[in-house]
Amino acid sequence: MGGGTGLSVMLRGLKQKPLDITAIVTVADDGGSSGILRNELQMPPPGDIRNVLTALADTEPLMSEMLSYRFSAGSGLAGHSLGNLILAAITDISGDFVTAVRELSRVFAVRGRVLPAADQAVILHAEMEDGSIVTGESKIPEAKGKIKRLFLEPEHVEPLPEAVQAIRDADAILIGPGSLYTSILPNLLVPKLAEAVLNNTEAIKIFVCNVMTQPGETDGYTVSDHLQAVYDHVGHHLIDYVIVNDGEIPLQVQDFYAEKGAQPVQLDYEVLTSRGYKVIADTLVLFRRYLRHDADKLSEHICSLVQNWMARKR
């Protein structure tokens, strides 16, 4: 469950494993190409869904690049990705966004299923510590304040039934990585999704923590702060295991991120274990243009946890 770049990176590793994957993706995005299509066509935002479809696609690299291709010029086209436009077109043809996602998954031979958390767009609101309300997923980080709580509009949005059933049937539920307040928590604010996670007592529940803090969202957060935010919004202890990076991040990389207001998420191991979390810590980062999780190592840890969990259940 999640959204954004973090979920896509993890799925690129997991799709190589013998797993039956269902990705449940947020529909709160309101910025960029997704925001324009959402507002003009009255459809759920396609961007996060398109990223996940691309990550799970079992096609030639050129086809995946085509889905991600973003127009840089053209009146009305600049800023739009081709994948977003294709999803918008199939939604218009079929009259249903979920059908569009399903059909594009079939065309691109997606390994597993990709499901929006709901079949309608939701508006994300944040109440800040100073009492002000910020409206819109893209506006929340820009407010640069401390977030007290999130809430959705409509408050009692109905989840996609297939998403609820997938959670009920799951042997493992993975939450994250991704933007804590704008990609991960919006899924858990859909009441029946959070209930399904809580009520599936047979599944192992794993939280994959971000490597770096995010300006305007998790400034100064430790790993336990991320989990505390989940607890505060759901009201229950959901997570069994937390996977975290404890590898050294080169100083020049830290300096690069510091210019953007981000810093490494600190692993406060003793606090986590005192709260009942089991911690899997390893060097899990790669640096190319940006810091990313090492998808291969991350998927190895996830598979090992799930296999051991299933063996114990037998």
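The model is predicted, so local features are reported only at pLDDT of at least 70 and side-chain atom pairs only at pLDDT 80 or more, while totals for chains, interfaces and linings use all residues. Residues are numbered from 1 along each chain as its sequence is written, and side-chain values use heavy atoms, with hydrogens and water left out. Helices (H or I, at least four residues) and strands (E, at least two) are DSSP runs, numbered from the N terminus.

**Largest pocket**

- The largest pocket holds about 940 Å³ of space, a volume being the space filled by probe spheres set on grid points that are joined across faces, edges and corners.
- A pocket here is an open set of points on a 1 Å grid over the protein atoms alone, where a 1.4 Å probe fits and protein lies on both sides within 12 Å along at least five of seven lines; lining residues have an atom within 4 Å of a point.
- Its lining comprises 29 residues, and Thr5, Gly6, Ser179, Gln214 and Arg292 are the ones that lie nearest the centre of the pocket.
- Helix H1 (4–14), helix H8 (180–188) and strand S11 each supply at least two lining residues, with H1 giving the most, namely four.

**Aromatic and charge contacts**

- There are four aromatic pairs, where rings of Phe, Tyr and Trp (its six-membered ring) pair if their centres lie within 6.5 Å, and planes under 30 degrees apart count as stacked, over 60 as edge-to-face and the rest as tilted.
- One of these pairs joins Tyr69 and Phe71 in an edge-to-face arrangement, at 5.2 Å centre to centre and with 80 degrees between the planes.
- The pair of Phe256 and Tyr290 is tilted, because the ring centres are 6.3 Å apart and the planes stand at 50 degrees.
- Phe256 belongs to helix H11 (residues 251–258) and Tyr290 to the loop between strand S10 (285–287) and strand S11 (291–293), so this pair ties together parts that are 34 residues apart in sequence.
- Ring pairs also bring Tyr257 into a cluster with Phe256 and Tyr290.
- Lys278 lies over the face of Tyr241, at 5.6 Å from the ring centre; the criterion is NZ of Lys or CZ of Arg within 6 Å of the ring centre and within 35 degrees of the ring normal.

**Strands and a covered helix**

- Five of the six residues of strand S3 (residues 123–128) are buried, which here means under 20% relative accessible area, with exposed over 50% and partly exposed in between (1.4 Å probe, protein chains only).
- S3 pairs in the antiparallel sense with strand S5 (residues 147–153) over six bridges, and pairing requires that DSSP finds at least two bridges between two strands.
- S3 also pairs in the antiparallel sense with strand S4 (residues 133–135), over three bridges, and the two form a hairpin with four residues between them, in whose turn Gly131 has a positive phi of about 95 degrees.
- Helix H3 (residues 47–56) has nine of its ten residues buried, so it is largely enclosed by the rest of the structure.

**Backbone geometry**

- A cis peptide bond joins Glu153 and Pro154, with omega about 0 degrees, and another runs from Gly176 to Pro177, with omega near -5 degrees.
- Ala109, a residue other than glycine, has a positive phi near 50 degrees and is partly exposed at a relative accessible area of 36%.
- Lys144, in the loop between S4 and S5, has a positive phi near 60 degrees and counts as exposed at 60% relative accessibility.
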